[in-house]
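Student: Please take me through one part of this model in close detail. I would like the contact between its domains, and the charged side chains around it.

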Amino acid sequence: MAKELWFAEYHDDNTRLGMRVTRELVAMQSEFQAIEIFETPTFGRVLTLDGLVMLTEKDEFIYHDMIIHVPMAVHPKVQNVLLIGGGDGGSLRELCRYPEIEQIDMVEIDSEVVNQCRRFLPQVAAAYDDPRLNLIFADGLKFVRHNTDKYDLIVIDSTDPFGPGESLFTKEFYGNCHRALRADGILVNQHESPYYPADAEEARLIYQRLTATFPLVRVYQAHIPCYPSGHWLFGFASKRWDPLQDFDAERWNARGLYTRYYNTDLHTGCFQLPTYVKELLESGVE
Ligand code: AG3
């Protein structure tokens with residue numbers, strides 16, 4: 001009998017999520033990280049970077065809906081977007097559904113992530129031919145230093161805060177993002193999980209650094225089965241727009257966009273955090 005092949009991501013030292021692997025499609029080392037794409041019966045194709053699950057075909061809609069449609073439903077007119085990371089193309093795909101967006105500068109450090117996802121995850125990497133895309137292979141931290149008052153929306157679709165994505169969680173980086181945003185700009189980021197202690201500490205630090213930089217910071221949540229604990233946070237940092245007060249459900253619904261996770265009822269609900277998460281976030285802020 002052929003040997004069974006399993007992938008596991010450790011969610012803490014004593015807990016792991018395992019998936020049966022039916023086929024390996026990519027296993028390579030890029031200049032920056034280990035990239036793997038494999039097939040599983042339950043989650044479809046899975047992308048991992050340095051052994052951590054970035055997305056699966058089955059549940060990527062949740063993450064990409066939440067990182068893009070929440071800010072897009074708040075800002076009344078997004079024309080210029082900076083997308084940092086997101087080499088799989090899922091965030092880009094959702095952004096490209098908005099006709100008022102004029103330009104998307106996408107800064108991804110690793111061209112191999114883009115190449116491999118275009119080849120093996122075409123439903124995710126679906127918008128690389130959009131004419132509004134300006135794709136730059138560079139370090140997000142360095143890129144953002146040279147821009148002032150330019151973007152309506154900055155989306156930070158990064159890995160966890162170690163390895164190539166580490167600098168995208170620093171105060172310096174958030175400060176540069178603040179400067180690169182227009183006077184009513186919004187920043188959203190993936191904000192780690194509040195559950196396992198090591199992830200929760202990262203989430204606390206992200207919130208602390210964002211609140212030190214932006215006048216208005218709110219955290220929202222989603223259920224993402226393939227990520228550690230399945231409970232994931234996103235950060236919403238803004239110079240002006242409040243994600244609940246300035247959110248116009250009718251305006252967004254009038255667009256007629258179908259989204260399988262996001263909807264305008266959930267928009268309000270996703271900012272209502274469990275007590276332990278509120279305590280965690282507030283514990284780092286004076
Ligand atoms: N980016 C981040 C996910 C963090 C996952 N962490 C983990 N599995 N330990 C996802 C990229 C999707 N565009």
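**A close look at the domain contact**

Tutor: Start with Arg45, which lies in strand E5. The model is predicted, so read every value as computed from it. Arg45 counts as buried, because its relative accessibility is 18%, under the 20% cut-off. Its side chain joins that of Glu39 in a polar contact of 2.8 Å. Beyond its neighbours within four places in sequence, Arg45 is in contact with a set of residues that includes Arg23, Leu25, Phe38 and Leu55. Phe120 and Leu121 are also among them.

Now set that residue in its domain. The chain divides into domain 1 (5-54) and domain 2 (60-282). Their centres, taken over C-alpha atoms, are 23 Å apart. Domain 1 gives 22 residues to the contact and domain 2 gives 20.

Next, the area. The two domains bury about 1,800 Å² between them. Carbon and sulfur atoms account for 72% of it. On the domain 1 side, His11, Phe32 and Met54 lose the most area to domain 2. Together they make up 27% of what that side buries.

Then the polar part. Between domain 1 and domain 2 there are zero salt bridges. Four residue pairs are in polar contact across the interface, both residues at pLDDT 80 or more. Strands E1 (6-12), E2 (15-20), E3 (23-29), E4 (34-40), E5 (44-49) and E6 (52-56) each supply at least two residues of the domain 1 side. By class, that side has 14 nonpolar, four polar and four charged residues.

Salt bridges do occur in the structure, which holds 14. Arg20 and Glu4 form one, at 3.0 Å from N to O. Arg20 sits in strand E2 and Glu4 in the segment before E1, so the pair ties together parts 16 residues apart in sequence. Arg20 is partly exposed, at 35% relative accessible area. Glu4 is partly exposed too, at 44%.

Turn to other pairs. Arg132 and Asp130 meet in a salt bridge at 2.9 Å, N to O. Arg132 and Asp130 are both buried. Glu201 pairs with Arg204, their closest N and O atoms 2.9 Å apart. These two are three residues apart in helix H6 (residues 197-213), so about one helical turn separates them. Glu201 is partly exposed at 34%, whereas Arg204 counts as buried at 17%. Finally, Glu60, Arg93, Glu94 and Arg97 are linked in a network of salt bridges.

Technical notes: Residues numbered from 1 in each chain as written. Predicted model: local features only at pLDDT ≥ 70, side-chain atom pairs only at ≥ 80, totals over all residues. Heavy atoms only, no water. Domains from an automatic or database assignment. Contact = heavy atoms within 4.5 Å. Buried area = accessible area lost by both parts, 1.4 Å probe. Salt bridge = Lys/Arg side-chain N within 4 Å of Asp/Glu carboxyl O. Polar contact = N/O pair within 3.5 Å; in protein donor to acceptor, adjacent residues only side chain to side chain. Helix = DSSP H or I, 4+ residues; strand = E, 2+ residues; numbered from the N terminus. Nonpolar A, V, L, I, M, F, W, Y, C, P; charged D, E, K, R; others polar. Buried < 20%, exposed > 50% of the residue type's maximum accessible area, 1.4 Å probe, protein only.
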